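Me: I would like to learn how to read the aromatic rings in a structure. Could you take me through them slowly?

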Amino acid sequence: MEQLGNPLLDDYYDNIGSHEYWWNHGLISESTYKELKRSCSNDTFLFPKDGCNNALSGAYEEFGNINPYNIYGPPCNAISTSNHRLAQLPLPWRFRGNDECVVMYTRRYMNNRRVQKALHAHLTPLRHPWTTCSSAIRRNWTDSPKSMLPIIKQLIGAGIRIWIFSGDTDAVLPLTATRYCINALSLPTNISWYAWIDNQAQVGGWSEVYKGLTYVTVRGAGHEVPLTQPQRALRLFRYFLMNLLLPSSLSD
């Protein structure tokens, strides 16, 4: 079984779906949206070339001071102190690489000696602290597969149970992009789109079940779903492990 959250699945569909999400959520102007469609649709998602790079820079300028990983949440205060460092990174890592607050708190937590002792980590003392990602790899990684959809099809064909979920306030790999990717798989629909209920009798999100794949959105969640909607994320995970449909009522 496999569960993927707000994943990067396909360069083309993730590009057009992300830009559409930005536009229909009022994050970018009409002219910028047109330029993104013209320059970026057939470009790589992580390594855009000059024309697309310029269009993306214009789009991010129009975003303003928001957290693209959770567009309705507060911006991360750490970002204001790290703008200079972020500006030195290649474009995809500048805006798509990480949530700066998550990185900051995770780095502090993982470098806590009590945490390392509990995890039986850092047994061979190193001269450098634990970091979330390797800057050397980020600077030098220049390729990525154009699409994972053929792999998804192979996994489904092998009988692997797949759930894909999206936090619906994530603008980095938004639900619109993921829905385009899933539609491109041309899977038969077993259960049509429906609202699922969380344990507070509220709509937790929406779901559609295909042959071999279940898609779920989590209402009010950002890119890191368990961080922004922990109770709904837990309910999603429990039903995934039990191989049960998310309930459409509390009695289900």
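**Rings and their neighbours**

Reply: R161 lies over the face of F240, 4.8 Å from the ring centre, where a charge sits over a ring if NZ of Lys or CZ of Arg is within 6 Å of the ring centre and within 35 degrees of the ring normal. This is a predicted model, in which local features need pLDDT of at least 70 and side-chain atom pairs count only at pLDDT 80 or more, while totals for chains, interfaces and linings use all residues. Residues are numbered from 1 along each chain as its sequence is written, and side-chain values use heavy atoms, leaving out hydrogens and water.

Me: How many aromatic pairs does the structure hold?

Reply: Rings of Phe, Tyr and Trp (its six-membered ring) pair if their centres lie within 6.5 Å, and planes under 30 degrees apart count as stacked, over 60 as edge-to-face and the rest as tilted. The structure holds 8 aromatic pairs. For W193 and Y215, the centres are 6.3 Å apart and the planes stand at 35 degrees, so the pair is tilted.

Me: Which strands hold W193 and Y215?

Reply: Strands (E, at least two residues) and helices (H or I, at least four) are DSSP runs, numbered from the N terminus. W193 lies in strand β3 (residues 189-197) and Y215 in strand β5 (residues 213-218), 22 residues apart, so this pair links distant parts of the chain.

Me: Is Y215 buried or exposed?

Reply: Buried means under 20% relative accessible area, exposed over 50%, and partly exposed in between (1.4 Å probe, protein chains only). Y215, at 1%, counts as buried, whereas W193, at 33%, counts as partly exposed.
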